[in-house]
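Trainee: I am new to this structure. Please take me closely through a single part, the place where two chains meet.

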Amino acid sequence: MRDRDDTAPHSAEDDALDLAIQALPRSQSPSRDLWPQLQAQLPPRHARRAPWAWAAAAAVAALALSVWIRPDLGPGTISAPPLAQLDSPTAEHSLLNVYESQKAAQMGALNFSNPSVGRQLAIWDGAVQQVRGALSYYPEEPRLLRQLDRLYRQQLNYLETLAMVDPQVAAYY
Amino acid sequence: MKAILSKNALLLCLLLPFAANAQEPIDESRSVSANERISIEVMRGTVRIRPSDDNVFRVRGTIDEDAEGYTLESDNGFTSFEIDYPRSSRGRNWSDADDGSELEIEVPQGSELEFEGVSVDIDVMGITGGSDISTVNGDIIASELGNFVNLSAVNGEIDSRNNSGRIDISTINGEVTDNGSTGRIDYSTINGEIRANSSATEVSISTVNGEAVLSLAGTEVLELSTVNGDIDVRLADALTPRIDGSTVSGDLRLGLEPGISASFDISANSGGDIENDFSDDRPSRDRYGPRKHLNFSTGTGAGSVNITTVSGDIEIVPL
Amino acid sequence: MAEELQQLIRAAQAGDLASFARLHAQFVDRAYSVCLRLLVDVQKAEDACQETFIKVWQQLPQFRGDSAFATWLHRIATHTAIDLWRKDRLLRLVDEGEPDNQVASPDEGVPKDLENAIAALPRQARAVFVLFAIEGYTHAEIAALLEIAEGSSKAHYHRARTLLKESLSER
C-alpha cells in the first residue's frame, strides 16, 4: 500500500486545513487547578519531604478522618480504624481519602441500584480492610500500598464500566 | 457443566438455519480490499463472521424486527455495516436477543475488524488483520484470530481458541476460556472464572473473585493478581521466568519446572501460609508482626518469583 | 532556563514536592491538551492528566535525561490518554449517533471550528488525526500505540482529513 501522505493531490481545501491545523493551540489549560488533588494522590517516596508537604499530608489525613467518622456513606463505606492508628498522616490515609471520594462521586453518578453491584463493592471493602489490617503492622510497606491502590483502581474501573454501559442493560445483571 | 451447556446452546443457535419470521432478510455484498478496515455494529442477535475466499464483504441473514433498516458503506478501504434503529429506541432494553438480527458475514481474511454489540452473541474466526470485538451481554467465540486481538464482554462468556498476537480478553462477570493462544495475552475478569491453556510468552491475569486455572508453556513473563479468587498455575518449559503475583485473601498455587533458576521472594503479611516444596528453606516469621517471609534462590537465580499476599496461602511446587 | 529546569527535575527526583509542583505548573497545559483532544471529555481529560503526573512522579527517579523532559512527559501523557481512550469503547455502544462533546477552544473562528470538527470525528480517526497531525507521531508509532496496522493508521488519517475538509467547508 502506498503512503498516501506524500502522494495525495493537494487541493485548496487541503491548504486551508493545513493552515487551520497549524493555528491550533498546542497547549490548553484545564478549567481548574489540578495540583491540589494531584498532590494528595501522589504516592510517597522514601526520600526527604519538604516540611510543608507534611502539613499538607496532615490536612489530607484530617479530611480522611472526617470521611471515616461519617456514619452514612452507603455500601462503599469503610469502618473507622482503631484510634491508635490515627496519630500520624500516612500514605495509606491519603490514598484512602482520595479514592473514597472518587468512588463516592462515581457511585453518585450511577443512576441505577443493583444488589449485585453492592455485593461486589462489599467484597472490595472487605479486601481493603484486610490490607489495612496488614498496614497497621507495616505502615508504608510498598507492596501493601500497591495492593490498596490496585483495589481502588479496580473498583473505579468497575464503576466506570458500569456507568458506560446503558443503565437498563446493566440492570439485568 | 453449566458452561458446557450454554456453549452448546450458543453453537446450536449459530448452526440453525435462519428462521423465517417478521425479521427482514438481507443479502448484500461489496468488493473490498484484502486488508479492508471493517466496522460492524449489531445491537442484538447472533452474528457469525468468517473469512471469505475472495475480497468481498458479504452479509446475509435477517435483521432485527425492531430495526428500521441498515447502513452499508464501503469506500476507500473502509467498510462499515450497521443495523439502524429509530431514534426513539435509544436507551432501550436490548436484552431480547431472540428478536435480534441473525447474520452471517464474510470478510477478507486480512481485514482489520471492529465489531460492537450489546446483546449479541458473536462467533468470529480466521481474521488475521486484527480484531476488536466487544459485546455487553452476549457471548464471544473467537478463534484463529491474529495481530491485535481485543475481546471484551461485560456479562458474556468469552471462548478464545488458537488466537495469536497481542491478545486482550476482558469481562466483568463472564467466564473466560482460552486454548492454544500464543504471543502476549492479558486476561481480566471481576467475577468470571478463567481457564486457560496458553503458550504465550507474556501472560497477565487479573481477577477479583473469579477462580483462575492456567496451564502455561514457555511463558517468560507472568503477572498474577487476585483479590479473593484462587489462582492455580502450572508453568512448564520456563527455566528463568519473571513472575509477579499479588493476592489479598485468594490462594495462589504455582507449579514450576524443577530445574528453574530464580530468586524467590514471597511474603504473607497477615495470616497467610507459605508452603515451599522446592527447597528446604522455610519461611521466617517477623518477631514483632504477623508477617511470614521466604527468600531463597535456585540455580543461577536468573529468573524471579515475587509474590505477596495478605491472608491467602501461597504454595510453590515443582511440576 | 534549561539549567533551572534541570534543577527542578533533580530536586523532584529527590522527592521535593515543591519542585514537582513547579514542574506540574510548567507542563500541565501541554499534557492536558493531548488528553483532551484524544478523550473529548473534560472530566476524562483531567483524570488522564492526573494519572500522567502520578506516573511521572513515580518514574521520575528513573528518568535519566536520555530524552528531553518535555518529550518524556508528553509520551507518558499520550500513553495514559490512549489507555483511557481504549476503555472508552463501551461508551459508544450506548451513545449511538450522538455527537461527541464539544470542546471549548480558547479562540473563536477557524481554530474553534476545527477543534469542534476534530472532536466530532469517529473515534479512531480522531485519535489517529490528533496523534499524527497535531502531536507529530509517525504512522508506525501510532499503529503501535493504538494497536492497529500501520496501513490503518494512514487510512484513518486520510478519512479524518476528508471528513474535516467537508466539515469546514460546510461552515
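How many residues of chain B are in contact with chain A, and how many of chain A take part?

Mentor: First, the ground rules. This is a predicted model, in which local features need pLDDT of at least 70, side-chain atom pairs count only at pLDDT 80 or more, and totals for chains, interfaces and linings use all residues. Residues are numbered from 1 along each chain as its sequence is written, chains are lettered from A and ligands numbered from 1 in the order written, and side-chain values use heavy atoms, without hydrogens and water.

Now the interface. 42 residues of chain B contact 26 residues of chain A; contact means heavy atoms within 4.5 Å. About 2,600 Å² is buried between the two chains, with 56% from carbon and sulfur atoms. Buried area is the accessible area (1.4 Å probe) that two parts lose on being put together, summed over both. B:Ile172, B:Val248 and B:Val310 supply 15% of what chain B buries against chain A, more than any other three residues.

Next, charge. Two salt bridges are counted between the chains. The term means a side-chain nitrogen of Lys or Arg within 4 Å of a carboxyl oxygen of Asp or Glu. B:Arg291 forms a salt bridge with A:Glu141, at 3.1 Å from N to O.

Which elements of chain B touch chain A? Strands β17 (202-207), β21 (242-247), β23 (262-268) and β27 (303-309) each give two or more residues. β27(B) gives the largest share, three residues. Strands here are DSSP runs of E, at least two residues, numbered from the N terminus.

Definitions and conventions. Helix = DSSP H or I, 4+ residues; strand = E, 2+ residues; numbered from the N terminus.
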